[in-house]
Amino acid sequence: MAIQVSVSLCLIVIPIALSFLLSSYHFAIASNEIGNSLIAKSCNQTEFPDVCISTLESDPRSSNANLTDLSKIGFELTVTKSNETLAEAFKLLNNASDYEEWARRSACYYEYNSSDSQIKVGLQYFDEMKYDEANRIVGLYNEGLNYCLVNLTVVELTERITFLKKFTTDLKVILDLLY
C-alpha cells in the first residue's frame with residue numbers, strides 16, 4: 001500500500017514539476033522578446049537608433065529590462081564608456097610628442113574630466129528617481145563633449161567622443177519617456 005501511494009504521488013508531482021519548468025522556459029522566451037521589443041521601440045524614437053539599439057543590446061540585462069531598468073543600463077554604459085575615454089585621454093596626455101600637442105590634450109583631458117564627473121552625478125540623481133535632473137545632467141555632459149571634439153580636435157578621441165555624443169543624445173530621449 002505504501003509503495004502504491006508513493007508511486008501515485010510521484011505520478012502527480014512529476015507532471016506538475018515538468019509543467020512548471022516548461023512554463024518558466026516559455027516565460028523566459030517571452031520576457032526576452034518584450035525586452036528586445038522595448039529596446040527597439042525606445043531606440044526607434046531617438047536620433048541614432050542603430051547606436052542606441054546596438055549599445056543597449058550589448059548588455060545582457062537589457063533583454064529583460066523595463067523602461068526604468070533600460071534607462072539605468074544606458075546610464076551605466078555611459079559611465080563605463082566615459083571612464084574608458086578618460087583613461088585614454090590621460091594616456092594621450094602622457095604620450096604627447098611636443099608642447100603644442102600636450103597643451104591641446106591637457107585642455108581636453110581636464111575639460112573631459114569635468115564632464116566625466118558630471119555623468120556620475122547624473123547617475124546618482126537617477127538612482128534617487130530624480131529623472132528630470134538626471135536628464136539635465138546628461139544634456140550638460142553631452143554639451144561638454146564638444147570641447148574636445150570641436151574646439152581642440154584631439155583626433156585620437158574623435159571616435160570615442162562621437163559615440164558618447166550620439167548615445168547620450170539618445171539616452172536623453174529615453175529618459176524623457178520616464179516622466
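Q: Before we start, what should I know about the model?
A: It's predicted: local features need pLDDT of at least 70, side-chain atom pairs count only at pLDDT 80 or more, and totals for chains, interfaces and linings use all residues. Residues are numbered from 1 along each chain as its sequence is written, and side-chain values use heavy atoms, with hydrogens and water left out.

Q: OK, how many disulfides are there?
A: Two, taking a disulfide as a pair of cysteine sulfur atoms within 2.5 Å.

Q: Which cysteine does Cys43 pair with?
A: Cys52, with the sulfur atoms 2.0 Å apart.

Q: And why is that disulfide of Cys43 and Cys52 called left-handed or right-handed?
A: The torsion about its S-S bond is about -60 degrees, so the link is left-handed.

Q: What about Cys108?
A: Cys108 is joined to Cys148, S to S 2.0 Å. That link is right-handed, with 115 degrees about the S-S bond. It connects distant parts of the chain: Cys108 sits in helix H4 (residues 99-127) and Cys148 in helix H5 (residues 131-151), 40 residues apart. Helices here are DSSP runs of H or I, at least four residues, numbered from the N terminus.

Q: Are Cys108 and Cys148 buried or exposed?
A: Both are buried, meaning under 20% relative accessible area with a 1.4 Å probe, protein chains only.

Q: Switching to H4, what sits at its N-terminal end?
A: Asp98 caps it, a side-chain oxygen lying 3.3 Å from the backbone nitrogen of Glu100.

Q: And just after H4?
A: There Met129 takes a positive phi of about 60 degrees.

Terms used. Helix = DSSP H or I, 4+ residues; strand = E, 2+ residues; numbered from the N terminus. Buried < 20%, exposed > 50% of the residue type's maximum accessible area, 1.4 Å probe, protein only. Polar contact = N/O pair within 3.5 Å; in protein donor to acceptor, adjacent residues only side chain to side chain.
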